[in-house]
Amino acid sequence: MITLKNIEKVYRTDTIETLALNNINLEVSKGEFLSIMGPSGCGKSTLLNIMGLLDEPTKGGIQIDNQSITSFADKKLSAFRNQKIGFIFQSYHLINDLSVLDNVELPLLYRPSVSASERRDLATKALEKVGLSNRMKHYPTQLSGGQRQRVAIARAIVGNPSIILADEPTGNLDSNMGNEIMEILENLNKSDGTTIVMVTHDENMAKRTHRLVRLFDGSQVA
Amino acid sequence: MIQHLFKLIWKRRKSNFLIMLEIFVAFIILFAVASLSTYLVRNYNQPSGINIDNVWTVYVNYNSLSDSLNRQNGELLEQKLKTFKEIKAYTFGHETFPYGNSHSQGDVGAKGKPSVNCSFVSIDENAPSVLGLELAQGEWFKNTDTVGRVTPVVITQYMKEKIFGDENPIGQFLGTENRQKVVGVLANFKQFSDFDELSGTLISPFRDAKTSFMARVDPSVSAEFEAQFAKSLRQINKDWNIEILHTSDMKADKNSMYTIPLTIVFIVCGFLIVNVVLGLFGVLFQNIARRRNEIGVRRAMGATQSHILSHFIGEMLVLATFAIGLGLFFAIQFPLLNVFDIENSTYLLGILVAVVVIYSLVIICAWLPSRQASTLHPAIALHEE
Ligand SMILES: Nc1ncnc2c1ncn2[C@@H]1O[C@H](COP(=O)(O)OP(=O)(O)OP(=O)(O)O)[C@@H](O)[C@H]1O
Ligand SMILES: [Mg+2]
């Protein structure tokens with residue numbers, strides 16, 4: 001599903017050069033639930049961003065669904081993100097000026113084939129899946145952290161992507177809430193066969209996934 | 001998509017209100033200046049109907065209150081004028097000459113017809129040859145016509161239309177006592193400046209003592225001739241005051257009463273617009289800096305660069321449309337209520353100019369910040385909290 005070959009990422013500023021990722025080779029198969037662990041600053045988010053086509057590697061190649069992404073132009077790249085990938089971020093990244101429903105509709109807004117009423121239907125269904133159908137008219141600031149993360153999950157799944165990339169989805173939540181979120185993800189993986197890559201700091205969460213990849217200082221250690 | 005923009009704008013109505021207000025004010029200023037300019041340019045483009053090339057206006061004062069003495073002086077003056085071959089034509093009149101400082105005004109109508117405010121000019125039969133006047137209809141009066149109780153008069157086309165409409169005015173009478181008979185119609189007579197609007201002028205034969213006059217001189221005359229001419233007029237009688245003015249200078253003076261304030265208005269308006277543009281620019285850059293996170297989210301959700309670009313420009317266009325809508329509501333009152341007696345099309349052109357300029361300015365102002373927003377790297381935009 002996702003193939004990373006010899007990925008290297010260097011961040012250059014005027015004064016410093018940071019090697020954030022060093023020779024990463026990773027294959028994620030269809031329907032797999034993979035977790036990534038590692039100390040802070042080891043390059044987990046960077047890796048996820050590269051898988052999610054939000055960032056370009058300095059060296060190396062990416063294949064998603066057997067398509068080599070490296071040469072894609074912005075338009076194709078964006079369409080790919082839109083169709084295939086759902087993102088969940090540690091800090092939710094909801095748009096505070098949009099209602100819960102409008103936040104969830106967002107990915108569909110960039111899909112020209114989806115009509116306004118279809119958007120509404122799909123977003124409502126996604127919110128039902130995460131148990132938030134009674135908060136659709138609320139704004140993100142009126143929700144708890146766990147509720148916000150569930151909105152973010154609904155947004156990630158509304159377009160029915162084949163891959164979900166989650167960067168510490170439970171990092172800001174207490175263990176009960178974290179558990180709930182984890183259950184939703186496990187459910188998605190089991191029932192819809194969604195491929196999930198999740199960054200986590202929590203060994204217990206990582207144990208519940210199919211496979212664990214450990215990073216240290218930009219390199220894969222396990 | 002447009003609904004999405006409306007929702008965002010409505011949610012941010014507080015901060016958007018200022019932007020809208022700014023655009024609204026700019027619109028009103030532009031509308032006012034554009035309408036004024038349109039009005040003046042249109043007036044300017046109307047032919048003046050008066051040719052003042054090589055024409056002098058000569059103010060003469062005999063410093064005498066005796067009418068019989070003045071009449072004698074008039075004859076002396078005219079005899080002298082006839083001796084200069086450089087003076088091609090001359091016409092005596094009251095001092096209400098074109099581009100001069102004296103005016104006389106009043107309402108004139110005809111029995112059973114509307115009356116119209118018009119200027120009065122009194123000048124003799126030679127006026128057409130000095131001022132190059134061309135009649136649209138009828139003919140100019142002769143000095144010999146002025147006998148009896150009925151005075152022949154020439155009016156402007158504007159006045160004819162106001163009073164007589166489509167009727168033939170020639171031979172019709174003006175005034176309550178039917179003392180003035182229309183003999184000719186002038187297409188135009190812009191006697192105050194090039195920026196006059198079409199107006200009513202009633203020209204009647206000059207019958208008083210000959211004093212001040214306008215003269216058409218040979219194009220070849222020099223400054224020496226002018227000095228010599230003035231000197232020889234003064235020599236007739238030491239008590240006379242003679243002032244020779246080039247009519248084109250007088251007209252230029254009158255025109256500058258419009259062009260100077262207009263230039264100032266343009267400069268002030270230019271400054272205001274530049275201010276508004278810079279203000280908008282600043283606010284937009286700030287807005288987009290504050291919304292980097294949102295931009296990152298949108299990009300992650302599949303928005304292309306051009307989606308982001310059109311999103312931000314779209315927001316500004318929606319705001320501009322609201323502001324313009326509000327501005328139009330006020331602007332449209334001017335033609336509706338006929339606030340100033342100006343053609344509606346002048347306001348409409350003013351509105352059109354203001355709308356086009358505002359939209360262009362907004363697009364220009366929104367372009368750079370929006371462009372910057374669209375090229376923002378999604379990973380970097382999301383990285384910041
Ligand atoms: N935009 C950037 N410019 C420069 N350096 C960066 C940038 N983003 C990340 N880095 C550097 O790259 C390295 C990896 O960062 P990354 O965010 O991937 O770490 P992480 O494993 O996700 O850490 P955490 O667990 O704290 O989220 C860090 O050393 C960081 O300083
Ligand atoms: Mg991270």
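Biologist: Which element gives the largest share of the lining of the largest cavity?
Modeller: First, this is a predicted model where local features need pLDDT of at least 70, side-chain atom pairs count only at pLDDT 80 or more, and totals for chains, interfaces and linings use all residues; side-chain values use heavy atoms, with hydrogens and water left out. Residues are numbered from 1 along each chain as its sequence is written, while chains are lettered from A and ligands numbered from 1 in the order in which they are written. Helices (DSSP runs of H or I, at least four residues) and strands (E, at least two) are numbered from the N terminus. The largest share of that lining, four residues, belongs to α9(B).

Biologist: What is the volume of the largest cavity?
Modeller: A cavity is a set of points on a 1 Å grid over the protein atoms alone, where a 1.4 Å probe fits but cannot get out. Points are joined across faces, edges and corners, and the volume is the space filled by probe spheres set on them. The structure has five cavities of 30 Å³ or more, and the volume of the largest is about 100 Å³.

Biologist: Which residues lie closest to the centre of the largest cavity?
Modeller: Lining residues have an atom within 4 Å of a cavity point. There are 13 here, and the closest to the centre are B:L284, B:N287, B:F312, B:E315 and B:M316.

Biologist: Now for the ligand: which chains does ligand 1 lie between?
Modeller: A residue counts as near if one of its heavy atoms lies within 4 Å. For ligand 1, 13 residues do, with A:S40, A:G41, A:K44, A:S45 and A:T46 the closest. Still, ligand 1 sits between chains A and B.

Biologist: How far is a polar side-chain atom of A:S40 from an oxygen atom of ligand 1?
Modeller: A polar contact is a pair of N or O atoms within 3.5 Å. A backbone N or O atom of A:G41 is 2.8 Å from a ligand oxygen, and one of A:G43 is 2.9 Å from a ligand oxygen. For the side chain of A:S40, the distance is 2.5 Å.

Key. 1 Å grid on protein atoms, 1.4 Å probe; cavity = no way out; pocket = protein on both sides within 12 Å on 5 of 7 lines; lining within 4 Å. Polar contact = N/O pair within 3.5 Å; in protein donor to acceptor, adjacent residues only side chain to side chain.
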